[in-house]
Amino acid sequence: LADLYRGTLINKIRGAIVGEVAMTIAIVPVDVTLVAIVDVSEARSKPVVLYDDNHLYVRAGANNRQLPPNQWKAAIGGAS
């Protein structure tokens, strides 16, 4: 059951993003509950975006920060 859940979770995450990210998902028991631990590495090719999300985020330490539209061009390297 845990492998089925892990596979479904991977497919949902990959289906929600545009871009490639390396991730591992471990399913571990905690007391009587199974917990999914998702470890996502920094993407080699950026930007990585979510389908249906009209915002741009940048990583700032341990947090994601939403950028205003006037800073988008600078954040993605001046690409049009």
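This report covers a pocket, a surface patch and a hairpin in a predicted model.

## The largest pocket

The largest pocket holds about 830 Å³ of space. Its lining counts 22 residues. Val48, Tyr57, Val58, Arg59 and Asn64 are the ones nearest the pocket's centre.

Three strands each give at least two residues to this lining: E3 (33-40), E4 (49-50) and E5 (56-60). E5 has the largest share, with 4 residues.

What classes of residue make up the lining? There are 15 nonpolar residues, 3 polar ones and 4 charged ones.

## A nonpolar surface patch

A nonpolar patch lies on the surface. Its members are Val18, Val49 and Tyr51. Together they have about 250 Å² of accessible area.

Where does Tyr51 sit? Tyr51 belongs to the loop between E4 and E5.

Strand E2 spans residues 23-30. E2 and E3 run antiparallel, and 8 bridges join them. One of the pairings is that of Val30 with Thr33, its bridge partner in E3.

The two strands form a hairpin, with 2 residues between them. Asp31 is in the turn. Its phi is positive, at about 55°.

Key. Residues are numbered from 1 along each chain as its sequence is written. This is a predicted model: local features need pLDDT of at least 70, side-chain atom pairs count only at pLDDT 80 or more; totals for chains, interfaces and linings use all residues. Side-chain values use heavy atoms; hydrogens and water are left out. On a 1 Å grid over the protein atoms alone, a cavity is a set of points where a 1.4 Å probe fits but cannot get out, and a pocket is an open set with protein on both sides within 12 Å along at least five of seven lines; lining residues have an atom within 4 Å of a point. Grid points are joined across faces, edges and corners, and a volume is the space filled by probe spheres set on the points. Ala, Val, Leu, Ile, Met, Phe, Trp, Tyr, Cys and Pro count as nonpolar, Asp, Glu, Lys and Arg as charged, and the others, Gly among them, as polar. Patches are made of residues with over 30% relative accessible area and no salt bridge: like charges are joined within 9 Å, nonpolar side chains (Val, Leu, Ile, Met, Phe, Trp, Tyr) within 5 Å. Accessible areas come from the Shrake-Rupley method with a 1.4 Å probe; for residues, only the protein chains shown count as cover. A salt bridge is a side-chain nitrogen of Lys or Arg within 4 Å of a carboxyl oxygen of Asp or Glu. Two strands pair if DSSP finds at least two bridges between them.
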